[in-house]
Amino acid sequence: MGAAVRPVGLPALRPAAGARPAGAPGLPPPISGNDATQILAMPRVPAGPPGAGPVPPRTGPDLLLVAEGREHRFRHPMQITVGRRSDCTVVIGDPACSRVHGRIDPLPGGWTYTNLSNEGSYLDGRRVTTRKFDERIVLRLGHPVAGPELTLVPILSAAEEERRIARRRLGRRLAIIGAIAAALLLVAGLVGLALVVGRDGDGGGGDDGGKRAGGGTDVLEAAKAATVKITADSHLLDDPSRTGTYHGSGSIIRADGLILTNAHVAAPESPGLEEKYGSDLRIANPDYLLISLTDGMTDTNAPAAYRARVVEADGELDIAVVQIYADADGNDLDGALELPTVPIGSSGDLRAGDSVTVLGFPAVAGEGESITVTTGVVSTVLNDPDLGPRSELDTDARIAPGNSGGMAINADGELIGIPTSLFTDEGTTVTSGRIRSIDVVKDLIAKAEAETG
């Protein structure tokens, strides 16, 4: 795979400039040599502790936090903990609050709240695990009604706040206009439907409208539904005090929640990964993985719905198979799962120039909030010296950090590979995506399926 590099998917101690085109955030340092790869899980980098060096530049709004009648103001970026323990950034005395109840992390342009308590954090009566926010929210800690309130208010400049209010007013006006337009379109649609029904009644033929033959399911929509976002918390093996959150992607290959992804996403301590990508930053295996499904109406990822654990992982292949075993809060599942799946195809017949579509949750969609679909061709088929012939595919389809472990499908919607790394040619702006061929991981899949019944 070439020279060893710092992997993108680990919680870096500080942001660094990358080897890819200037201006791309969250990338590793420049790579020596012109045969270099980097893995693709995307971190959210925590702020350093007080006294750890120069204060990082502000990359989002400051935060006003109100708890038990007291106001606290924090500069962006800064990591904040909330709880009863005296060493928390914000100490709350109410016994409904846990010793360390929640954590607030900075994100570009906003903040995210993460619940750390078994009793839970609640927004409008609903339990939340992780919540990104860039405007005022009010949480209840420990109880949906009786818990102490925690008010979080991003502090925008006066001009920014005025623009936000103006956008809301415009949005309300557009909603009214949209409702009127929808009513008119409904009338027009009913007229059109009557004409179509009339033509069908005359025995007219036509194509399948982009549907899969016989199934009536749109190929791309089916693939989207089977693509999941995987999120995990971990820490540096050399410094457990440095924690962070990273995310990648996965593909549901069995309806009961068996998911295919990269080993560097699910099990970063897997033997073979360090030799493949280097040892600059080594992180611990997470306690569990959070699985978010795709909202079919908006293409965004829903809040994390499940927890999963590793069934099989191979660091040399950089592939792992994980199994859903609980809901997002760790509770037992209610009944058997019936999740959408992607059919597994074959990479053996692929040739340069064949079309490929890549799906996943890269950071280009804002911390992986929305599924991203990119298309391209198989640029070439590669023979990895350790993994054998046709074990890797090079593609010009755009792949970015966060795509790790997602899916690459052919025109029939079959899984033919797993986006795994980026190849960077030093001295140019050219990068290409590397996809692990599905055929070389089928034995690992079969082993995981046998273990999970």
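Which helix holds glutamate 275?

**View 1. Glutamate 275 lies in helix H4.** Helix H4 covers residues 273-277; helices (H or I, at least four residues) and strands (E, at least two) are DSSP runs, numbered from the N terminus. The model is predicted: local features need pLDDT of at least 70, side-chain atom pairs count only at pLDDT 80 or more, and totals for chains, interfaces and linings use all residues. Residues are numbered from 1 along each chain as its sequence is written, and side-chain values use heavy atoms, without hydrogens and water. Glutamate 275 has a relative accessible area of 64%, so it counts as exposed (buried is under 20%, exposed over 50%, partly exposed in between; 1.4 Å probe, protein chains only).

**View 2. Five strands form an open sheet.** Their order is E6-E5-E7-E8-E11, and the pairing is mixed. Strands E6 (90-91) and E11 (130-133) stand at the edges; each has a single partner strand, so one side of each lacks a neighbour in the sheet. Two strands pair if DSSP finds at least two bridges between them.

**View 3. Strand E5 meets E6.** E5 spans residues 80-83 and pairs with E6 in the parallel sense, over two bridges. Here glycine 83 stands opposite valine 91 of E6. Strands of a sheet pair through backbone hydrogen bonds, either parallel or antiparallel.

**View 4. Phenylalanine 74 belongs to strand E4.** This strand runs over residues 70-74. Phenylalanine 74 counts as buried because its relative accessibility is 10%. Leucine 64 and phenylalanine 74 are ten residues apart in sequence. In space, C-alpha to C-alpha, they are 6.6 Å apart.
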